[in-house]
Amino acid sequence: MKLRNLPKNGSKPKEIQKESKSVVHTDDATITSERIEALKLMREGTQFLKYGTYGYPHFRHFHLTDDNCGLQWYSKKKSPKKTCVAFSDIVDIVLGQKMPKFRKHKAPELDHSSFSIVYDNGKTLDLIAIQPREYKIWITGLRELLRIYRRMGTRGLKGVRQLFMTVKTTAKIPDSQREGRPIASHGETFPDRGSYIDHGDKMTFSRVEGELGKLEKKLNQFKTKASANRYIASPRYKNIKAILNSVSDAIKGLEDVISTGNIKAADDAIWRATVSLQTLDHLMACVSR
C-alpha cells in the first residue's frame, strides 16, 4: 500500500486527485488495486473485533474523530470520553498478535489482520479487522496520521483534508471453484453456478432466506429509531447513517448472491451486516444518554 501526494503541512493538496479502481483476473486469484481517499472512510468508521481486559472479544464500531486527533469507539457501559485514544497518547502501532490480551483467546489464523495500538503508559487497544482491505487502510492511515502528529502536533492533524492511498488486495479462488470451469482468454474464470447450488437442499435456502428476512426487519427497526431528532441532531448521525447505508447495500447485494447459490458468501454477508447492527446499537445507546 502506498500513500502519495500527501501534503507535507497537512493542508489540502493543490493537485486534484481522483479515486480509481482496477481489477485483474488470473486463473487462481482476483487482484484489486484501488486509489482511495481514506480520510472519509476512516471518519465514517468500520467494525473491529476488540480484545478487552476481561471477557470474550467483541465487535465495536471505530472511527476517526472529526478533527483527526483521535480514534473513537462506543460501548453501552462507558462514556465516549473513556473510549477514545488521542494520537498525542499513542506510543506505537504493533502489527500481529504480540500483545498479552491476544493470548487469552488465541486466533493465529487472523494474525495477518491483527494489530495493537500502544498508548498512555503501556495500555493497549488490541484489534482484528474483518477484511484485509480494511486492515491495510487503517494501518496505513493511522501510521501516517501518527507521523503527522509527531512532526506538527495537533495543529497538523486538524489541517489534514485528504489522505489518498493505493490499496492492493488479492482474493484467491479456491480449487473447488476453479475445477471444471472454463477459462477466458484474459484469465478470468467464469462462474459455474452448478458448482455452488445444491438444488435438493431446500432447508439451506430456507434458512438463508429466513435470516435475510430477520436482517431486513432489524434494519427497518434501526432506521425508524434513527429518525428521532436526538439522533439526527447528533454529530454522530453521519456514522449512524453510514452503518445503515452499508447494511442496506449488503441486503441489496444478498439477493443476487443467494440466487447464484453461493451459500457461504451469503452467510458471510449476513453475519457481517448483523455485526454492523450490533455495533450500531452501542453507538446509538451512547448518543441517547
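Biologist: Which residues do the ring pairs link into a cluster?

Modeller: Phe48, Phe62, Trp73, Phe115, Tyr135 and Trp138. Keep in mind that this is a predicted model.

Biologist: OK, and how many aromatic pairs does the count come to?

Modeller: Seven aromatic pairs. One of them is formed by phenylalanine 59 and tryptophan 271, edge-to-face, with 5.5 Å centre to centre and 75° between the planes.

Biologist: Where in the chain do phenylalanine 59 and tryptophan 271 sit?

Modeller: In distant parts: phenylalanine 59 is in strand β5 and tryptophan 271 is in helix α7 (residues 263-287), so 212 residues separate them in the chain.

Biologist: Is phenylalanine 59 buried or exposed?

Modeller: Phenylalanine 59 counts as buried because its relative accessibility is 18%, and the limit for buried is under 20%. Tryptophan 271 has 42%, so that one counts as partly exposed.

Biologist: Which residues have the most contacts inside the largest nonpolar core?

Modeller: Met42, Phe115, Leu125 and Leu145, in a core of 33 residues. Elements giving two or more residues to this core include α1 (38-44), β5 (58-64), β9 (114-119), β10 (123-129) and α2 (132-158). With nine residues, α2 gives the most.

Biologist: What about a second, separate core?

Modeller: That one has 26 residues, and Ile243, Ile270, Leu280 and Cys286 are among them.

Biologist: Let's switch to β9. How many of its residues are buried?

Modeller: Six of six, which leaves β9 mostly covered.

Biologist: And which residues are on which side of β9?

Modeller: Ser114, Ser116 and Val118 are on one side, with Phe115, Ile117 and Tyr119 on the other. Both faces are covered, as each of those residues is buried. In a regular strand, side chains alternate between the two faces of the sheet.

Biologist: How does β9 pair with β8?

Modeller: In the antiparallel sense, over five bridges. Valine 94 has serine 116 in β9 as its bridge partner.

Biologist: And how many bridges join β9 to β10?

Modeller: Six, and those two strands run antiparallel too. Serine 116 also turns up here, standing opposite aspartate 126 in β10.

Biologist: What's in the turn of that β9 and β10 hairpin?

Modeller: There are three residues between the strands, and aspartate 120 in the turn has a positive phi of about 45°.

Biologist: Zooming out, what does the secondary structure come to?

Modeller: Seven helices and eleven strands. The chain has 289 residues, and 45% of them count as buried. Of the contacts between residues at least 6 apart in sequence, 65% join residues at least 24 apart.

Biologist: Last one. Where does pLDDT stay under 50?

Modeller: Over residues 180-200, where the model has 33 contacts beyond four places in sequence. For the protein chain, the mean pLDDT is 86, and 84% of residues reach 70 or more.

Key. Residues numbered from 1 in each chain as written. Predicted model: local features only at pLDDT ≥ 70, side-chain atom pairs only at ≥ 80, totals over all residues. Heavy atoms only, no water. pLDDT = per-residue confidence, 0-100. Contact = heavy atoms within 4.5 Å. Helix = DSSP H or I, 4+ residues; strand = E, 2+ residues; numbered from the N terminus. Buried < 20%, exposed > 50% of the residue type's maximum accessible area, 1.4 Å probe, protein only. Core = buried A, V, L, I, M, F, W, Y, C linked by side-chain atoms within 4.5 Å. Phe/Tyr/Trp six-rings, centres within 6.5 Å; stacked < 30°, edge-to-face > 60°. Pairing = 2+ DSSP bridges.
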